[in-house]
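Dear colleague,

I am handing over the structure that we spoke about, and below it you will find my notes on what turned up. Please read them with the structure open beside you.

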Amino acid sequence: MHTRQTVDFVRKKHAQFGGFSYKKMTIMEAVDMLDGLVDESDPDVDFPNSFHAFQTAEGIRKAHPDKDWFHLVGLLHDLGKVLALAGEPQWAVVGDTFPVGCRPQASVVFCDSTFQDNPDLQDPLYSTELGMYQPHCGLENVLMSWGHDEYMYQMMKFNKFSLPPEAFYMIRFHSFYPWHTGGDYRQLCSARDLAMLPWVREFNKFDLYTKCPDLPDVDDLRPYYQGLIDKYCPGVLRW
């Protein structure tokens with residue numbers, strides 16, 4: 001994954017998928033599609049991702065009963081993994097994320113052993129700490145490695161989901177462990193990014209710790225979550 005995640009690769013993927021012409025379907029149809037996927041990068045989950053989506057959503061719902069938009073984020077957060085079902089290799093869909101166009105920082109997983117063949121690290125600009133960015137430019141101006149988080153974030157913007165900004169941060173950055181857990185990449189962050197960081201960390205409590213063998217009764221839960229979908233992202237969407 002780290003060898004191939006370059007500025008050029010990420011830009012090509014944005015061009016390939018940014019028109020959202022892969023498929024037209026509802027959110028629930030996308031949830032059902034995930035029954036055909038087991039994430040090879042996640043050692044904690046050996047059952048279809050649709051169950052993890054409902055587990056995460058229900059964990060959030062119990063802890064934050066007054067924030068229905070947050071419940072929906074739990075359901076949505078991994079739907080970008082439909083990319084794997086579209087034929088994309090899993091290294092370009094799952095795994096921790098990081099900015100491209102600057103030197104990877106120490107908390108990027110396997111940082112010291114998996115970037116040596118990445119051509120961007122031979123580039124005199126991309127191999128510096130700031131790379132192609134300005135100090136504190138804001139993460140909205142940063143090109144992230146390509147995967148399900150970035151795809152889903154862009155898809156939500158394209159389809160004009162009426163969720164609050166916190167939801168978009170959770171979706172885009174929940175796999176950005178070097179930032180929300182490792183404490184790195186602060187040189188790129190704006191004040192707004194740092195204000196949103198506690199929300200991303202709060203989401204990740206449920207993404208990580210709701211994975212258990214007791215699978216939810218999805219049929220019982222569907223009506224509640226369909227109501228949230230109808231409120232925030234209704235109808236047939238472009239993917």
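A polar contact is a pair of N or O atoms within 3.5 Å, where, within protein, one must be able to donate a hydrogen and the other to accept it. Please keep in mind that this is a predicted model.

With that cut-off in hand, we can look at asparagine 204, which is found in helix H9, covering residues 191-209. A polar atom of the side chain of asparagine 204 lies 3.0 Å from the backbone oxygen of histidine 174. If we leave aside residues up to four places away in sequence, asparagine 204 touches His174, Tyr177 and His180. Asparagine 204 counts as buried because its relative accessibility is 4%, and buried means under 20%.

- Aspartate 8 and lysine 12 meet through their side chains at 3.1 Å, N to O, and both lie in helix H1 (residues 7-17), four residues apart, which is about one turn of the helix. Aspartate 8 counts as partly exposed at 45% relative accessibility, whereas lysine 12, at 53%, counts as exposed.
- Lysine 67 and aspartate 66 form a salt bridge at 3.5 Å, N to O; lysine 67 is partly exposed, with a relative accessible area of 21%, while aspartate 66 is exposed, at 61%.
- Lysine 81 and aspartate 78 are joined by a salt bridge at 3.3 Å, N to O, and both of these residues are buried.

Key
Residues numbered from 1 in each chain as written. Predicted model: local features only at pLDDT ≥ 70, side-chain atom pairs only at ≥ 80, totals over all residues. Heavy atoms only, no water. Helix = DSSP H or I, 4+ residues; strand = E, 2+ residues; numbered from the N terminus. Buried < 20%, exposed > 50% of the residue type's maximum accessible area, 1.4 Å probe, protein only. Contact = heavy atoms within 4.5 Å. Salt bridge = Lys/Arg side-chain N within 4 Å of Asp/Glu carboxyl O.
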